[in-house]
Amino acid sequence: MTKKADIGMLGLAVMGRSLALNINDHGYLPAVYSIDPAEVDRFMEAEGRARNITGTKELADFVAALKRPRRIWMMIRAGSPVDEMIEKLVPLLDKGDIIIDGGNSNYHDTIRRVALLESKGLRFVGTGVSGGEEGARHGPALMPGGSSAAWPHLESVFSDIAAKLKDGTPCSDWVGQSGAGHYVKMVHNGIEYSDMQMIAEAYAMMKHLLGMSPADMQPVFKAWNEGELNSYLIEITADIMGHVDEETGQPLVEMILDTAGQKGTGKWTSQSALDVGAPAPTIAEAVFARFMSAVKEERVAAAQVLSGPDITFSGDKAAMVEDIRQALFASKICSYAQGFQLLRYAAGEYNWNLNYGAIAGIWRGGCIIRAGFLYNIKEAFDENADLPNLLLHPFFKEAVERSQAAWRRVVAAAVTRGVPAPSMSSALAYFDSYRSDRLPANVLQAQRDYFGAHTYERIDQPRGRFFHTNWTGHGGNVSATTYTA
Ligand code: 6PG
């Protein structure tokens, strides 16, 4: 009788095959399956056979090849394919078996699937997997959540295959029940969107205000990567700036069409922020910026019609580059503050017991947003798990206060010279709003009460007491019922 496999990998596209090999590198025997038998053949031919991996072309054979409780890791396209596969798997499984979904699934789907499979005596885990192909092959960041009874059966394999920090700590930890793992991955991606957008804005300012070429920017990004902005995304941007197009001899980045794609996770993050009432404008602006980039033809036509100010900057260029660095760091802090604020609101909404220090810990390595300052974020939440906002922690408060003069100069320069910087300016507006003990929402409340008798609270009365004014003298004295959307 052949030896049963430790874990099943279902789906052999780039992420699935890379994870299967990573799992095998760590001493586990995987069985693999794909709905495309030719894909199984290709994988077995190229790597599987030499490693004694079990290749299967029938789902029943795949399931039968696994030790119990079975651990089946799906790396397939998110959405209906996951439901279809679950439906085919369930009749083949036994109580206690575990299905893992490692795709970028929507957390609402994961909440539903965990409940469905638990009702059948099975276990379901939705895990964030970050780091792309390279990460999957040699160490991703993993954000598992779902049926907590599954975790003791997964912990060692997840820790073994995950990215490791210098001290050996794995970038993997149990996030929480139900859809928590996929939610955390989604917020990771929302932050990824704003990190990327703000780096692009820094590039735009260096290009348009300071007349710098990508080759001029490469050493700047490299130097930034040595300091407090140290991160994977800054590192790859430095690399990107140095690439030359073989066809034209131009910097490759300048030959790339300025329309950004997206698969939806940034949009979901923003939608969820709206759903749970969390202010996450910097992340949302990054999504809108991608939408704006997509209307290329319309923008090209508008550029012929609409004019802006003179773009040239006549100040000290080196000082401006340093200002941009500081603006980027302060904006980045606000974007992460928003991401963690969103996680906190969602934890309340969905009854998840999220450990923010542990989440920042996972994100320190392997994932796309890995960055030096995630160590500081972890420390901040480890010190105070109930920290309402990162900006209130001494490290980040000091960092933002130190950078804010530069940050304001940069946003002002972008605004006065007409260089769009939606994420950096929204981050500054977020900071200024959050530190305001009085916002102009009193005017909104007066307007709402004026036109709709929606009532308002008063500064000289306890919270929760509502007042209505007959503003025009001819309205009624009856107020509309108070409710919050
Ligand atoms: C990761 C990434 C990854 C994501 C891509 C593309 O953590 O490895 O977030 O999961 O799919 O970055 O995302 P967009 O197509 O939405 O830009």
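Guide: Buried means under 20% relative accessible area, exposed over 50%, and partly exposed in between, with a 1.4 Å probe and protein chains only. This is a predicted model, in which local features need pLDDT of at least 70, side-chain atom pairs count only at pLDDT 80 or more, and totals for chains, interfaces and linings use all residues. Residues are numbered from 1 along each chain as its sequence is written, and side-chain values use heavy atoms, leaving out hydrogens and water.

Visitor: Which residues of α13 are buried?

Guide: In α13 they are Thr282, Ile283, Ala284, Ala286, Val287, Ala289, Arg290 and Ser293. They pack against α8, α12 (265–276), α14 (296–305), α15 and α19, where contact means heavy atoms within 4.5 Å.

Visitor: Why is α13 called roughly antiparallel to α19?

Guide: The axes of α13 (residues 281–294) and α19 come within 8 Å and cross at roughly 160°. That makes α13 roughly antiparallel to α19, because angles over 145 degrees count as such, whereas those under 35 are roughly parallel, 65 to 115 roughly perpendicular and the rest oblique.

Visitor: What is the bend of α18 at Gln404?

Guide: The bend there is about 50°, taken as the angle between axes fitted to the seven residues ending at a residue and the seven starting there. Gln404 is also one of the buried residues of α18.

Visitor: How far does α18 reach from its first C-alpha to its last?

Guide: With 24 residues, α18 (residues 394–417) reaches 34 Å, close to the 34 Å expected at 1.5 Å a residue, the expected span being 1.5 Å times one less than the number of residues.

Definitions and conventions: Helix = DSSP H or I, 4+ residues; strand = E, 2+ residues; numbered from the N terminus. Axes fitted to C-alpha atoms, helices over the stretch in contact; angles between N-to-C directions.
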